Amino acid sequence: MRVLLALAALVLPAPEPAPTPLPAAEARRALTETAAAIAGTVLDADGKAKGDYLWKTGRWSEYEAAWHTGQAVNALVAAHHAIGEPRFLTAARRGGDWWIAREIRTGPLAGLIDAPHGDRLGALINFTTIGDGTPGLFALTRATGDRRYAETATRSIRWLAQRTAVPGEPGLYYNIVDPATGRVLTDRSPHHPDVARPIVTQAARPNIEGSPFLDACRFSGDRALCDRHHALAARTAERADARGLWMEFEPNDAGRGVVHPRFNLWNAEALLDAHADRPNPGLVAVALRTARTYAGFMRPDGSVDYEQRLGAPAGQASPTGSATALAGLVFLKLRALGHREFDASIHRAARWLYLHRYPSDHPDPNLRGLVVEWRRKREPDGDVLVQRDLGTIFAARFFAEYLRTFP
């Protein structure tokens, strides 16, 4: 028996030591530096998010600017609350001013902001570019008392609520609006360009990310918007599979078994938002399933790769800081509800994000202070390596919440 145990010790890896909390001083430093990078690098002089940084050319490429800017504003407000630096709130207002200046005043899109998706979708507007871009606007109004940010966001959310709901289906909203005509696309989808007549789940999704209806309800007092969020949360929870994933909707890909590194976490976060507004243990149970799946995706060092496939090894070429950070945020929300099973994963996330920031003296000033978030994109002249802004944005939100939990 002793011989067998000795052989097992040679073959089996040693157990991973339980991670210890990241010291508060280091978490505070990471938050300060990531928020400074958002304010000084991620946002341009006008307050717009620059998008993706292309290593090959040393240039930034705009991508879904309204969503990235709204997310950056949310992170900056969180950083301001956590460490009280006015410069972060000033930068958040710059981003908020750019965002609300996009509002369309006339025609069929009046009340909606002009939020082109970019990339292969061009000028088309994706529901979640706006819906999941609004949390920062509401946070900015709460932080400053300036109602313009939340008022503009609420008008866009009302437009989407009134025009994109799928008739007879309280849990689905059409994805795409054509700004050239004001038409909501119900019979085709640029996300499925090879499908002539998409089924409803290819043209519509829950689109609950960011909890826009709930935020607009709390700001405006319109309880019908709260009811809409809760109906959507209930139906979204019903659509989750046993792993807490929503594989029937893009950007997941059930046919190839590809799991998007953030999409399911956004749904889980919105379910927890609904529970915080009206307690519903069933919603928490679904979010727990999602969190356990993503804890399994997370490597022992805290990293999560962009390429996640069911029943197959994860990729290793695209470390995705935003997935590590967003998973950590969901774990922290569940911890606040008494679920301590994710503590090791939370601390792994904190350490990975702390260690995987470009140094402040990096030779390329575009990268200083950013958190690693790599994507390889196929271009006609070959693959292009991209450093995305999202790792930095979500890391700042994570560190702000981490400091609240582990001061």
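Mentor: Begin with how elements are named: helices (H or I, at least four residues) and strands (E, at least two) are DSSP runs, numbered from the N terminus. By that naming, S211 sits in the loop between β7 and α9. Keep in mind that this is a predicted model.

Trainee: Is S211 buried or exposed?

Mentor: Buried means under 20% relative accessible area. The relative accessibility of S211 is 2%, so this residue counts as buried.

Trainee: What is the phi of S211?

Mentor: S211 is not a glycine, yet its phi is positive. The value for S211 is about 50°.

Trainee: Which residue has a side chain joined to that of S211 by a polar contact?

Mentor: The residue lies in helix α11, which spans residues 263-277. Its contacts, not counting residues up to four places away in sequence, are S211, L214, R218 and K333. The polar contact with the side chain of S211 is 2.7 Å, and the residue is D273.

Trainee: How are α11 and α12 oriented to each other, roughly parallel or roughly antiparallel?

Mentor: Helix α12 covers residues 281-297, and its axis is 9 Å from that of α11. Residues that meet include L265, A268 and L272 in α11 and V284, A287 and Y294 in α12. The crossing is left-handed. The packing angle is about 150°, and angles over 145 degrees count as roughly antiparallel, so α11 and α12 are roughly antiparallel.

Trainee: What is the angle at which α13 and α15 pack?

Mentor: Helix α13 (residues 321-336) and helix α15 (residues 390-405) have axes 8 Å apart. Among the residues that meet are L326, L329 and L332 in α13, with F394, F398 and Y402 in α15. These two helices are roughly parallel, therefore the angle must be under 35 degrees. The packing angle of α13 and α15 is about 25°.

Trainee: How many residues are in the largest nonpolar core?

Mentor: In soluble globular proteins, nonpolar side chains tend to be buried together. Here L76, W99, L334, F398 and F399 touch the most other members of the largest nonpolar core. Beyond its neighbours within four places in sequence, L76 is in contact with A35, I38, A39, L43, F88, A91 and A92. The number of residues in that core is 122.

Trainee: How many Å apart in space are N175 and N207, C-alpha to C-alpha?

Mentor: N175 is in the loop between β4 and β5, and N207 is in the loop between β7 and α9. N175 has 1% relative accessibility and so counts as buried; N207, at 0%, is also buried. The contacts of N175 include N207 and E250, and its side chain reaches the backbone nitrogen of R205 at 3.5 Å. N175 and N207 are 32 residues apart in sequence, and their C-alpha distance is 7.6 Å.

Note on methods. Residues are numbered from 1 along each chain as its sequence is written. This is a predicted model: local features need pLDDT of at least 70, side-chain atom pairs count only at pLDDT 80 or more; totals for chains, interfaces and linings use all residues. Side-chain values use heavy atoms; hydrogens and water are left out. A polar contact is a pair of N or O atoms within 3.5 Å; within protein, one must be able to donate a hydrogen and the other to accept it, and residues adjacent in sequence count only if both atoms are side-chain atoms. Contact means heavy atoms within 4.5 Å. A nonpolar core is a set of buried Ala, Val, Leu, Ile, Met, Phe, Trp, Tyr and Cys residues joined through side-chain atoms within 4.5 Å. Buried means under 20% relative accessible area, exposed over 50%, partly exposed in between (1.4 Å probe, protein chains only). Axes are lines fitted to C-alpha atoms, for helices over the stretch in contact, and angles run from 0 to 180 degrees between N-to-C directions. Angles under 35 degrees count as roughly parallel, over 145 as roughly antiparallel, 65 to 115 as roughly perpendicular and the rest as oblique. A crossing is left-handed if the near helix is turned anticlockwise from the far one by less than a right angle, and right-handed if clockwise.
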